Amino acid sequence: MRVAAYERYGPPEVVGMIERPDPIPGAGEVRMRVHAVSVGASDSAARSGTPWFARLAFGLRAPRKAVLGSDFAGVVDAIGPGVTRFAVGDRVFGATGAASGAHAELLVVAESSAIVPLPGAVGMADAAAICDGALTALPFLRDGGHVGVGDRVLVNGASGSVGAAAVLLAKHLGAEVTAVCGPAHVELVSGLGADRVVDRTREDVTRGDAMFDVFFDAVGKTTFVRARRILAPGGVYLTTVPSWAIMFQQLTSRLGRRRAVIMFTGLRKDADKVPDLEYLAALAATGALRPPIEREVPLEQVADGYRLVDAGHKAGSVILRPVPENVEAADAATEPESTHAASARPETRAGA
Ligand SMILES: NC(=O)c1ccc[n+]([C@@H]2O[C@H](COP(=O)([O-])OP(=O)(O)OC[C@H]3O[C@@H](n4cnc5c(N)ncnc54)[C@H](OP(=O)(O)O)[C@@H]3O)[C@@H](O)[C@H]2O)c1
């Protein structure tokens, strides 16, 4: 199989294509052909090794994991002994989290990991984009902001992967949504259903009169100190980006009437991600969750994908396409002996 790999931290060009032996699923493991996988902000941070403290997680001198990529969608093409949740031919999507490894044609994960069946109505690229954005936005809004019907929610960075998903999900939860983005994305964000869209280059919402119950800074470009002015009593400021300030404010604001919250959704247990993925899959199948996709690129153009992410202004997700969707189940002749095909179903292709 081909994988996109890197050996040293650096610009997008450090990632290149290499050949590796096809992985063989062991007991309790499933193997997928990867049809779509996002190149996200965390992949970019791991590739560049920035900020410096990220190297504590990714590897001090050189990256520990050569293959990045977490948020994927694909088709099960082999299963190991004892697998009961999935069968060959199943369409699935999920997230490998810190284990990464999905920028590849084939991916092996435990069947107990964060993967769930993908409804036929949801396209592969859409599914990978949902993992990239909505799997983060959902716990922020639901668990951090307790967003409900009638809540006034502001989403800053509303055109990014997490922000766009937050607009869609907050509307679904019944909130009144104000979305803030740059001038190039006003039309796109309006199309997501936001009640009001603010061009951040024309208006600073933190200086306005409108008050909010939840201020979700999906890109971490504001501060709690600025946001607090427009938070209603009992309101919550949520941010995706860690800083010493927000860690301190999270502790101290617990005593106040306006709270600051930082969450690390990628570090949640797989068992907690599975019901969220099922919820998001069901929502996507209704058509209520179709996140924007900036561009789809073949796996070998992974560096182009990283350039789009690094530029900092992508609309929604950048999606790699390691295996074209018209590739049928892996040839029986190339199946590893330790895998078995419990059933074979043709993939239902839905437009991405
Ligand atoms: N804490 C967690 O659990 C967690 C989980 C996942 C991701 N994250 C973090 O969340 C952040 C967002 O991720 P993402 O994938 O949504 O990023 P993204 O898609 O790369 O965000 C791109 C968006 O950022 C907007 N943007 C750029 N500069 C801005 C500014 N000065 N003010 C407001 N918006 C600005 C751009 O909008 P315009 O071009 O329209 O301005 C663009 O659409 C990343 O830092 C990521 O590492 C955290």
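A residue is called buried when its relative accessible area is under 20% and exposed when that area is over 50%, with values in between counted as partly exposed. The model shown here is predicted.

Ser100 has a positive phi of about 45° although it is not a glycine. Ser100 sits in the loop that runs between strand 5 (91-95) and strand 6 (106-110). Its relative accessible area is 11%, so Ser100 is buried. His146 likewise is not a glycine, yet has a positive phi of about 45°. The loop that holds His146 lies between helix 3 (124-144) and strand 8 (152-156). Is His146 buried or exposed? Because its relative accessible area is 54%, over the 50% cut-off, His146 is exposed.

A further backbone feature is the cis peptide bond joining Thr50 and Pro51, where omega is about -10°. Pro51 belongs to the loop between helix 1 (41-48) and helix 2 (55-58).

The interior comes next. In soluble globular proteins, nonpolar side chains tend to be buried together. Here the largest nonpolar core holds 56 residues, of which Phe93, Val167, Leu169, Phe216, Leu280 and Leu289 touch the most other members. Helix 3 gives the largest share of this core, 13 residues. Where does the core lie relative to the two domains? Domain 1 (2-118 + 291-334) and domain 2 (133-266) both contribute residues to it, so the core lies between them.

Leaving aside neighbours within four places in sequence, Val167 is in contact with Val155, Ala158, Val177, Ala179, Leu192 and Ala194. Another core, of 30 residues, lies apart from the largest one; among its members are Tyr9, Val34, Phe72 and Leu320.

Which residues around the ligand come nearest? There are 24 residues around it, and Ser159, His185, Arg200, Met263 and His313 come nearest. Polar side-chain atoms reach oxygen atoms of the ligand from several of these residues. For Arg200 the distance is 2.4 Å. Ser159 places a polar side-chain atom 2.7 Å from a ligand oxygen, and the distance for His185 is 2.7 Å. Taken alone, the ligand exposes 940 Å², of which the protein buries 81%. Helix 3 and helix 4 (161-172) each supply at least two residues of the shell around the ligand.

Note on methods: Residues are numbered from 1 along each chain as its sequence is written. This is a predicted model: local features need pLDDT of at least 70, side-chain atom pairs count only at pLDDT 80 or more; totals for chains, interfaces and linings use all residues. Side-chain values use heavy atoms; hydrogens and water are left out. Helices (H or I, at least four residues) and strands (E, at least two) are DSSP runs, numbered from the N terminus. Buried means under 20% relative accessible area, exposed over 50%, partly exposed in between (1.4 Å probe, protein chains only). A nonpolar core is a set of buried Ala, Val, Leu, Ile, Met, Phe, Trp, Tyr and Cys residues joined through side-chain atoms within 4.5 Å. Domain bounds come from an automatic or database domain assignment. Contact means heavy atoms within 4.5 Å. A residue is near a molecule or strand if one of its heavy atoms lies within 4 Å of it. A polar contact is a pair of N or O atoms within 3.5 Å; within protein, one must be able to donate a hydrogen and the other to accept it, and residues adjacent in sequence count only if both atoms are side-chain atoms. Accessible areas come from the Shrake-Rupley method with a 1.4 Å probe; for residues, only the protein chains shown count as cover.
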